[in-house]
Amino acid sequence: TEATNNLESKGYSVFGIDSGFYRMCNLVSISKEIPTVLKDIRDLEISDFESMDAVIHLAALSNDPIGELDESLTYEINYKAAVRTAELAKAANVKRFIFVSTQSIYGIAQNDSELDEDNSITNPQTAYAKSKLSAEIEILNMSDGKFIATSLRPSTVFGWGVRLRSDIVFNNLILNGLIYKKIDVHSDGTPWRPIVHVSDLCEAIEICLRISPEVISGEAFNIGVTGGNFTVKQLATAAQSALNGIPIKFNTENVSDPRSYKVSFSKAEKFLNFRAKTHLEPGGSELITQSRKLIEQGIDLLGRKTNRLAQMKFLIQEGSLDETLRFKH
């Protein structure tokens with residue numbers, strides 16, 4: 001929603017294709033819905049892309065926990081269907097294809113140096129990360145003079161949105177602090193987690209729609225805040241400060257996420273002239289202000305509407321989705 005709002009505000013005509021997994025997860029009403037076809041990414045056809053100038057590919061089983069639900073489906077959707085989508089777009093004469101990848105492909109870094117797009121070793125740890133990397137490699141290889149393929153590798157996104165997410169690190173720290181008056185950290189706080197505000201990711205996407213093709217053709221770009229490599233402890237401390245010093249508890253008995261990496265953002269700054277504008281403090285303050293309004297209305301900000309895995313499990317349990325994660329119509 002934030003990406004489409006940003007594009008429409010800049011004069012783009014936006015059309016959506018969406019599975020509908022989260023269409024009932026809006027926390028506030030939207031004044032204007034973009035035209036959207038509800039369709040599974042695995043069922044797309046060339047006709048879905050006719051007359052389109054560009055495709056922004058965001059569709060995926062969208063994080064590591066969901067990816068572990070069924071690894072075969074994760075590869076089917078995040079890898080095979082993503083590559084097929086690019087092939088269909090290319091066949092339909094789409095000019096630009098922006099694939100939104102992930103910095104999870106870096107996995108567990110071997111040292112403390114900042115990882116770059118072209119020289120650093122990728123080390124994906126999960127089905128989600130492995131599938132995204134495989135798709136990225138094939139999609140970038142499709143890039144040529146007529147079809148410009150680009151990959152953006154965002155840091156962990158944070159910030160307020162109509163479909164707010166509580167299952168990403170800084171948002172989770174803030175929301176838990178707001179609701180429970182304490183911040184639980186499920187590690188010793190030492191892993192590195194680069195971050196980026198949702199509005200900055202939207203800006204990077206828009207830049208790739210208008211910049212000279214030769215700058216981005218076949219290229220990948222890390223997207224994040226310059227100087228925005230934080231340890232989980234530093235993120236927790238920032239959340240603590242924003243919430244007037246509430247206590248932090250480090251829980252190390254059930255650590256399930258070993259990822260730790262520091263990332264360089266100099267390539268995007270040099271070639272895209274991109275520099276993230278929103279840092280932790282203002283982004284966190286906005287998140288707190290908006291969330292408090294919803295909490296006062298009795299809205300559950302840690303329930304399934306803000307947790308992608310919980311929502312998927314709900315759709316499966318209520319019988320809306322079949323075993324292949326397609327809606328039963």
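**Exercise 1.** Which residues line the second largest pocket?

*Solution.* A quick note before the steps: this is a predicted model, where local features need pLDDT of at least 70, side-chain atom pairs count only at pLDDT 80 or more, and totals for chains, interfaces and linings use all residues. Residues are numbered from 1 along each chain as its sequence is written, and side-chain values use heavy atoms, with hydrogens and water left out.

Step 1: On a 1 Å grid over the protein atoms alone, a pocket is an open set of points with protein on both sides within 12 Å along at least five of seven lines, and lining residues have an atom within 4 Å of a point.

Step 2: list the lining. You'll find Ser19, Phe21, Arg23, Leu38, Lys39, Asp40, Asp43, Leu325, Arg326, Phe327 and His329 there.

**Exercise 2.** Find the salt-bridge partner of aspartate 40, then decide whether each of the two is buried or exposed.

*Solution.* Step 1: look for a side-chain nitrogen of Lys or Arg within 4 Å of a carboxyl oxygen of Asp or Glu. Aspartate 40 pairs with arginine 42, with the closest N and O atoms 2.8 Å apart.

Step 1: check the cover, using a 1.4 Å probe and protein chains only: buried means under 20% relative accessible area, exposed over 50%, partly exposed in between. Aspartate 40 is buried because its value is 12%. Arginine 42 comes out at 11%, so that one is buried too.

**Exercise 3.** Work out how glutamate 136 and arginine 153 are joined.

*Solution.* Step 1: they form a salt bridge, the closest N and O atoms being 2.5 Å apart.

Step 1: glutamate 136 sits in helix H4 and arginine 153 in strand E6, so the pair links distant parts of the chain, 17 residues apart, where helices (H or I, at least four residues) and strands (E, at least two) are DSSP runs numbered from the N terminus.

How values were computed. 1 Å grid on protein atoms, 1.4 Å probe; cavity = no way out; pocket = protein on both sides within 12 Å on 5 of 7 lines; lining within 4 Å.
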